[in-house]
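Welcome, and please open your viewer. We will go from stop to stop, with something to select each time.

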Amino acid sequence: MMSKMKSNDRAGAPVAADTTTAVQAKGRRKKHLLTFALTVIVAWGLGTFAYIYFYPHLLYNRIERAE
Amino acid sequence: VRRRTTITDVVQGIIVGGVLAFFTANLIINAEIKAMQTTVNGWSITLKCGQLGSGILLRAACAKDIPAANLPEEAVYWTATVDGAGHTLNGQHDYVLHFPPGGLPPNDAFWSLTMGDAQRRMVANPIDRYNVGDRSGLVPNADGSIDIYIQNTAPTSHESNWLPAPTGDFMLWLRVYQPGAVILSGEYHVPPVVEGK
C-alpha cells in the first residue's frame, strides 16, 4: 500500500508543476496584455489631444522653415 | 526569443497609441473643417477662423484648411472642388462662372479667383495666368454681367476672361479682401460654376 502511494506521489509531481507553470505563464501574459492595452489607451487619448493642440504650431513652424 | 518586459509593453503601447492618435486626430480635424463650413452652390466658406479665443479644435481645423487665415473683416475665402451640380471640377470639361450685373463680390479692397490643382498647387499654363480678379481686365458682357471661362484650352474670343485649368481635377479659391457687409452677414452667395455646353 505504502509503495503504491509513493508511486502515485512521484507520478503526480510533474503534472502539478506543469499546471503551476502554465497558470503563472497565463498570469504573466495577462499582465503584459493589460500593461500594453492601458498604454495604448493613454497614448491614444493624450496623443490625439496633443496632436490637435500642437497642429497649428507644427504647421506654421514647417511653413517658416520652408520659406 | 526575446522575453517580454514591462518596458517593451509600454514602448509598443506608445507606438500603437501614437499611430492611432495620428489618424484619430486627423479624422476629428477633418470633421471639424466640414462642420465649420457653409456650402452654397458648391462654394464653401467659413467665417470662424482667425479669431483669438477659438477652441483648440477650431484652431487646428482653420490651420489645416486655411493656413494663416485673416479675420473675416480682413478677408474671406471660398473654396470649390465641385461645380453647381455637385460634380468634381475637372479640366476635361469647360466651365463658366457667371456673375450677374452687380453680382460681383462686394468689397472695399479687391477680389481674386485663383486656380489650384488637386494638390492645391498653382497650375502652369501658356499665358502665365494663375488668377483673375477685379484688376485683371475682365471684359463684361453687354448687360454688365461677367463670365469667367474656366477651362484647359483658351475660349475662342474670350481669352481676357479665361482662367486656365489643368487637365485633371482642380479647385478654385475666391478671396475677397475687406468684404462687404452682405458677405459678413452670410447673405451674399457666390454663383455656381456651371459646366459649359
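**Stop one: a covered strand**

Select residues 146–151 of chain B, which form strand β7: 6 of its 6 residues are buried, making the strand mostly covered. Keep in mind as you look that this is a predicted model.

Which residues lie on each side of β7(B)? On one side you will find I146(B), I148(B) and I150(B), and on the other D147(B), Y149(B) and Q151(B). Both faces are covered, with every one of these residues buried.

To see one pair of positions, select H98(B) and D147(B), which stand opposite each other.

Select Q151(B) together with P164(B), its bridge partner in β8(B).

**Stop three: a nonpolar patch**

Move on to I7(B), V11(B), I15(B), V19(B), F22(B) and F23(B). Together they form a nonpolar patch on the surface, with about 600 Å² of accessible area. Pick out V11(B), which sits in helix α1, residues 6–36 of chain B. V11(B) counts as partly exposed because its relative accessible area is 43%, between the cut-offs of 20% and 50%.

**Last stop: chain A**

Finally, select chain A, which has 1 helix and 0 strands. Of its 67 residues, 16% are buried. Chain A exposes about 5600 Å², and 68% of that comes from carbon and sulfur atoms.

Conventions. Residues are numbered from 1 along each chain as its sequence is written. Chains are lettered from A and ligands numbered from 1 in the order in which they are written. This is a predicted model: local features need pLDDT of at least 70, side-chain atom pairs count only at pLDDT 80 or more; totals for chains, interfaces and linings use all residues. Side-chain values use heavy atoms; hydrogens and water are left out. Helices (H or I, at least four residues) and strands (E, at least two) are DSSP runs, numbered from the N terminus. Buried means under 20% relative accessible area, exposed over 50%, partly exposed in between (1.4 Å probe, protein chains only). Accessible areas come from the Shrake-Rupley method with a 1.4 Å probe; for residues, only the protein chains shown count as cover. Two strands pair if DSSP finds at least two bridges between them. Patches are made of residues with over 30% relative accessible area and no salt bridge: like charges are joined within 9 Å, nonpolar side chains (Val, Leu, Ile, Met, Phe, Trp, Tyr) within 5 Å. A salt bridge is a side-chain nitrogen of Lys or Arg within 4 Å of a carboxyl oxygen of Asp or Glu.
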